[in-house]
Amino acid sequence: MFDPIMEQILAIARDAWAFMAGLLIVVALLGGLYFVLQGTAGMAFGGSRMTSMAIIGVVGLVIIVLFAFLFLPQIGELLKSFQPKAPF
Amino acid sequence: MSDASSLLLTFLRDAWMALAGAFLAFALLAGIAQMLRVSSASVLGANLWVWESVSALLSIVVIGLFAFLGIPQIVNALQSSLPGGVGCGPISELGTLASGLIGGLAALRMLKAAFTSMLSASIGGASTFASALIECGEAIFGMILAGVAMPLAAWFLGTC
């Protein structure tokens with residue numbers, strides 16, 4: 001009885017997942033471009049702190065995106081393996 | 001009576017499975033929404049926002065573990081304490097039906113509370129873990145009351 005509803009919910013959730021993953025990539029790319037601009041500007045007028053902050057920002061962004069795309073599916077698999085049957 | 005009981009319990013089991021699946025889907029959506037928030041906040045340099053998102057992500061994992069590991073154990077423990085077939089005759093059958101239904105409804109209510117909390121976290125709101133725990137406490141209290149009331153009702157209505 002609940003299967004058709006469940007399929008509808010899962011279809012919407014899949015679409016939402018794809019949308020948010022795409023949005024995450026777009027935000028990360030824009031952020032990366034911003035940090036590259038910051039780094040090149042810093043290098044151009046000798047702002048070493050600005051350049052190093054930009055490099056750290058790019059590395060942090062890459063780590064966050066990798067964390068999102070590698071860690072979240074693993075958490076999902078973990079929770080899926082814990083998904084209980086009805087306890088009654 | 002047993003047919004009605006099995007029909008109702010099958011319905012509740014299907015509802016449990018659907019709710020658990022939806023819970024999992026929304027947990028993952030909430031996770032990626034928080035990661036999106038972290039990345040945008042780190043680009044903007046908003047430290048507080050980053051830490052809020054990280055703590056929301058942790059709370060999502062905790063709620064998920066509570067829903068999938070804690071609630072079934074609580075329901076199993078309480079259902080084993082509910083007296084099923086006290087007395088004999090129709091009151092015994094009614095007792096069995098009632099204990100099954102009480103356990104099923106309480107389990108669904110607890111999962112619904114965790115699901116609501118997860119839904120709130122997935123749309124960027126506060127993960128209301130406290131209200132989920134309050135609803136779980138109410139369900140547990142109801143099951144304990146039922147465990148006390150059912151033998152009394154059987155005694156009042158007449159036992160063998």
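Biologist: Why are α1(A) and α2(A) described as roughly antiparallel to each other?

Modeller: In this predicted model, the axes of α1(A) and α2(A) cross at roughly 165°. Angles over 145 degrees count as roughly antiparallel, and α1(A) and α2(A) therefore receive that description. Their axes come within 7 Å, and the crossing of α1(A) and α2(A) is left-handed.

Biologist: Which residues of α1(A) and α2(A) meet?

Modeller: On the side of α1(A), the residues include A:Leu24, A:Ala28, A:Phe35 and A:Met43. On the side of α2(A), A:Met50, A:Ile55, A:Leu61 and A:Val65 are among them. By class, this contact of α1(A) with α2(A) comprises 12 nonpolar, seven polar and no charged residues. Gly counts as polar here, and A:Gly31, A:Gly32, A:Gly39, A:Gly42 and A:Gly57 are among the residues of this contact.

Biologist: What makes chain A more spread out than a compact globule?

Modeller: Chain A has two helices and zero strands. Its radius of gyration is 20 Å, whereas the globule rule gives 12 Å for 88 residues; the value is well over the rule, so chain A is more spread out than a compact globule. Along the principal axes, the C-alpha atoms of chain A fill a box of roughly 70 × 25 × 15 Å. Of the 88 residues, 17% count as buried.

Biologist: Why does A:Tyr34 count as partly exposed?

Modeller: A:Tyr34 has 16 C-beta neighbours inside 10 Å. A buried residue needs 20 or more and an exposed one has 12 or fewer; the value for A:Tyr34 lies in between, so the residue counts as partly exposed. A:Tyr34 belongs to helix α1 of chain A. Its C-alpha atom is 8.5 Å from that of A:Ala54, which is 20 residues away along the chain.

Biologist: What places B:Ile60 among the buried residues?

Modeller: The count for B:Ile60 is 26 C-beta neighbours inside 10 Å. The cut-off for a buried residue is 20 or more, and B:Ile60 therefore counts as buried. B:Ile60 lies in helix α2 of chain B.

Biologist: How is chain B built, and how much of it is buried?

Modeller: Chain B has four helices and zero strands, in the order α-α-α-α along the sequence. Of its 160 residues, 41% count as buried. Among contacts in chain B between residues at least 6 apart in sequence, 72% join residues at least 24 apart.

Biologist: How do you know that α2(A) and α2(B) are roughly parallel?

Modeller: The axes of α2(A) and α2(B) cross at roughly 20° and come within 9 Å. An angle under 35 degrees counts as roughly parallel, so the term applies to α2(A) and α2(B). The crossing of these two helices is left-handed. A:Ile75, A:Leu79 and A:Phe82 meet B:Val61, B:Gly64, B:Phe68 and B:Leu69. This contact of α2(A) with α2(B) has six nonpolar, one polar and no charged residues.

Biologist: How many residues are in contact between chain A and chain B?

Modeller: The contact joins 38 residues of chain B to 33 residues of chain A. On the side of chain B, α1, α2 and α3 each supply at least two residues. α1(B) gives the most, with 26 residues. The side of chain B that touches chain A divides into 25 nonpolar, 11 polar and two charged residues.

Terms used
Residues numbered from 1 in each chain as written. Chains lettered and ligands numbered in written order. Predicted model: local features only at pLDDT ≥ 70, side-chain atom pairs only at ≥ 80, totals over all residues. Contact = placed C-beta atoms within 7 Å. Rg over C-alpha atoms; globule rule 2.2 N^0.38 Å. Axes fitted to C-alpha atoms, helices over the stretch in contact; angles between N-to-C directions. Parallel < 35°, antiparallel > 145°, perpendicular 65-115°, else oblique. Left-handed = near helix turned anticlockwise from the far one by under 90°.
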